[in-house]
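Student: I have a structure open and would like to go through some of its parts with you. Could we start with the helices and then turn to the strands?

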Amino acid sequence: MANNPMMNRSTCAYCGVGCGIEIHTDTNGSHSVKGDNLHPANFGKLCSKGTNLARTLTQEGRLLHPMINGLRASWPQATDYVASEFKRIIKEHGPDSVAFYVSGQLLTEDYYVANKLMKGFIGSANIDTNSRLCMSSAVSAYKRAFGEDCVPACYEDLELADLIILTGSNTAWCHPILFQRIKAAKQQRPHMKVVVIDPRRTATCEIADLHLPIKPGTDVALFNGLLSFLHEQGKTDSHYIEQHCDNFDAAINSARNDGASLNQIAQRCDLPTADINRFYQWFAETDRTVTCFSQGINQSSQGTDKGNAIINCHLATGRVGKPGASPFSLTGQPNAMGGREVGGLANQLAAHMEFNDQHIDQLREFWKSPNLARQPGLKAVDLFNAIEAGTVKALWIIGTNPAVSLPNASLVVRALQRAELVVVSDCIASTDTTQHAHVLLPATGWGEKDGTVTNSERRLSRQRGSVDPAGEARQDWRILTDVAHAMGFGEHFPYKRAADVFREHAKLSHQNRNSPRLFDLGELADLTDQAYDDLQPQQWPIRAGQGTPRLYGDGRFSTDNGKARFTAVRCQGVSHPVTPEWPMALNSGRIRDQWHTMTRTALAPPLNAHKPEPFVEVHPNDAARLLLINGQLARIQSPWGTAILKINVTDSVRCGELFVPMHWNNQWARGARIGELVNPAVDPISGQPESKHTPCRIEPW
Ligand code: SF4
């Protein structure tokens with residue numbers, strides 16, 4: 001970008017911790033990265049993925065030019081083609097015959113323009129995001145409990161807590177810098193306790209005072225048992241409940257019905273009674289308790305209920321939004337939170353607005369939209385079902401690889417083959433998804449992109465471009481803006497730079513000041529371009545120039561009456577239990593050094609050294625029974641597909657259960673595409689798939 005050495009502050013491309021990064025460019029144009037000492041998420045530290053980011057700044061494998069039906073095209077040709085094909089299909093079949101499938105990798109500005117184009121101008125809400133696979137159950141749980149999708153806690157709470165519960169979270173591998181912060185806090189304050197609730201004994205158990213290897217699907221029973229225990233032991237905060245909450249009686253009655261005694265809960269969750277008692281006692285005794293939850297809770301056919309069962313226990317003890325005391329969802333992706341803010345999910349509008357008459361009118365007026373969508377659109381799994389059924393005919397995929405990452409991935413491939421038009425914007429040329437594209441649009445990648453992201457603690461940070469875009473790659477917001485112009489909506493998409501989009505987004509968020517909602521970036525609505533460039537990390541809502549570390553600590557929530565709502569939940573188990581035909585339970589998740597479908601992390605050789613090939617973890621008893629030999633190959637079959645993986649015999653998984661990493665795909669290891677195995681059952685409220693439990697069988701290959 002320049003012949004002089006320079007340094008830009010930016011944000012990591014990977015997980016929801018949102019670490020600050022310095023990108024250094026030397027006089028030869030070579031790049032290196034290090035942690036940003038000034039960023040409050042990481043104070044200079046980086047994990048292995050962040051440390052190796054500079055190695056991914058390569059032209060290797062990049063998509064460099066627009067392509068139409070396999071032939072190189074100019075940008076005007078590609079833009080006009082996408083616009084005219086979308087217009088043709090909309091004219092023939094209506095606005096709901098087209099869709100966007102976007103990504104938590106997008107920056108907020110990209111997400112905002114995509115959402116505005118689809119919902120405000122095409123007139124359909126068929127825009128969903130891979131964040132559906134990541135955090136949508138937490139979103140639904142927060143909305144049910146607090147009236148708004150607001151994470152009440154901040155990272156500092158992890159250092160102030162006396163008890164940290166990590167449930168459904170391999171924090172050590174999936175949010176490594178937060179794990180390091182917890183570990184350091186525990187070393188400084190040895191009385192701090194950590195409870196890990198996870199069917200697997202993961203690397204996170206290194207700091208656990210107690211590990212509960214829970215039976216998959218029984219989390220609601222465990223937390224309902226805790227709620228009953230707190231009530232019976234007189235450890236609930238009756239004043240807080242009376243002053244600040246509704247629906248406690250229904251919740252406690254429901255909780256009691258899930259198990260009247262510790263023994264019953266223990267049997268249900270397949271855990272020792274004494275360990276459950278210890279966990280409940282610690283929770284009851286410890287005011288400063290933070291419960292972190294992540295995909296092990298969210299990726300479930302009852303993910304929303306699981307989130308609410310956790311939040312119920314925090315409401316019952318008045319531990320919400322207080323220093324060292326809160327429920328705290330750890331976001332998977334770097335900008336899943338930003339996507340939630342701009343309405344990137346098919347069932348919400350921009351700026352935390354809902355599909356109700358008041359918000360639809362407000363948004364239509366603000367955007368001057370001719371035909372704002374009035375109904376929620378199709379969530380990810382339903383969307384691909386609709387494409388496969390022929391109802392949705394055109395799809396624009398932006399920055400994600402659904403042929404690998406979605407459950408029932410074979411159906412996803414059939415859907416892409418059936419669609420009349422598949423447009424893919426990506427920075428990578430060859431993926432399992434780009435193979436099916438009629439139009440390929442080269443997008444900028446990390447290091448080239450410019451905009452904002454929001455991390456797990458609601459902190460906005462800038463991603464700043466430090467590297468010239470590869471080939472003809474363009475910013476996603478610009479590609480979308482150009483297509484909006486070509487479709488005839490130009491006057492409503494006047495953006496020349498990312499700052500223009502951000503200012504509009506911030507202004508929109510300030511439209512609702514007479515509502516109890518908290519999401520508000522109004523003070524940033526008039527930033528100059530320079531001030532946008534210089535924007536420092538801060539947590540929304542921003543008031544009098546200050547960010548807000550915690551929400552709801554005063555007991556006033558985002559509901560109409562200002563009270564939080566307990567949710568009555570009952571444990572329902574998993575959607576597809578094991579059977580004699582499919583006797584094993586398949587769990588899928590991340591490994592430490594790869595990200596999603598490996599399109600970027602696999603470019604960094606040191607990251608491939610940690611776990612160089614796909615594998616399946618098998619308990620020794622199962623291995624002995626099924627004649628599975630460590631290091632040899634096994635065939636895993638589920639009702640949805642097949643994979644061939646190397647056997648890793650370990651007692652870190654429960655007997656009767658298997659663990660497989662989610663990352664590999666047909667580009668890197670043929671036959672190891674895990675999405676093919678995973679069942680497509682979803683949570684009925686959030687639409688999040690049950691990626692943590694699929695019935696299957698395994699045999700030597
Ligand atoms: Fe990046 Fe997450 Fe690692 Fe931080 S913890 S460096 S955000 S991958």
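Student: At what angle do helix α17 and helix α19 pack?

Tutor: Please note that this is a predicted model. Helix α17, residues 380–389, packs against helix α19, residues 409–418, at an angle of about 50°. Their axes are 8 Å apart.

Student: And which residues make that contact?

Tutor: On α17 they are Phe384, Ile387 and Glu388. On α19 they are Leu411, Val412, Arg414, Ala415 and Arg418.

Student: Is the crossing of α17 and α19 left-handed or right-handed?

Tutor: The crossing is left-handed.

Student: Why are α17 and α19 called oblique to each other?

Tutor: Angles of 65 to 115 degrees count as roughly perpendicular and those under 35 as roughly parallel. The angle here is about 50°, and α17 and α19 are therefore oblique to each other.

Student: Let us change topic. Where is aspartate 128, and is it buried or exposed?

Tutor: Aspartate 128 lies in strand β7, which spans residues 127–129. The residue is buried, because 29 other C-beta atoms lie within 10 Å, and the threshold for that class is 20 or more.

Student: What is aspartate 128 in contact with, apart from its neighbours in sequence?

Tutor: If neighbours within four places in sequence are left aside, aspartate 128 is in contact with Tyr101, Leu345, Ala346, Gly377, Leu378, Lys379, Ala380 and Leu383.

Student: How far is aspartate 128 from histidine 239?

Tutor: They are 41 Å apart in space, C-alpha to C-alpha, and 111 residues apart in sequence.

Student: Which sheet holds β7, and in what order do the strands run?

Tutor: β7 belongs to an open sheet of seven strands, ordered β5-β4-β16-β15-β14-β6-β7, with mixed pairing. β5 (71–72) and β7 are at the edges; each has a single partner strand, so one side of each has no neighbour in the sheet.

Student: How do β6 and β14 pair in that sheet?

Tutor: Strand β6, residues 98–102, and strand β14, residues 394–398, run parallel and are joined by four bridges. Valine 98 has alanine 394 in β14 as its bridge partner.

Student: What about the sheet with β17?

Tutor: That is an open sheet of three strands in the order β17-β18-β19, with antiparallel pairing. The edges are β17 (451–454) and β19 (538–539), each with a single partner strand, so one side of each is left without a neighbour in the sheet. Four bridges link β17 to β18, residues 459–463, in the antiparallel sense. Threonine 454 stands opposite leucine 460 in β18.

Student: Moving on to β23, which of its residues are on the covered face?

Tutor: Ala634, Ile636 and Ser638 form the covered face of β23, residues 633–638. Leu633, Arg635 and Gln637 form the uncovered one.

Student: Finally, what does the UniProt annotation say about residues 5–61?

Tutor: The unreviewed UniProt entry annotates residues 5–61 as "domain: 4Fe-4S Mo/W bis-MGD-type". In the model, that stretch is 7% helix and 30% strand, and its end C-alpha atoms are 27 Å apart.

Methods. Residues numbered from 1 in each chain as written. Predicted model: local features only at pLDDT ≥ 70, side-chain atom pairs only at ≥ 80, totals over all residues. Helix = DSSP H or I, 4+ residues; strand = E, 2+ residues; numbered from the N terminus. Buried ≥ 20, exposed ≤ 12 C-beta atoms within 10 Å, placed from the backbone. Contact = placed C-beta atoms within 7 Å. Pairing = 2+ DSSP bridges. UniProt positions renumbered as here; feature names shortened; annotations may be inferred. Axes fitted to C-alpha atoms, helices over the stretch in contact; angles between N-to-C directions. Parallel < 35°, antiparallel > 145°, perpendicular 65-115°, else oblique. Left-handed = near helix turned anticlockwise from the far one by under 90°.
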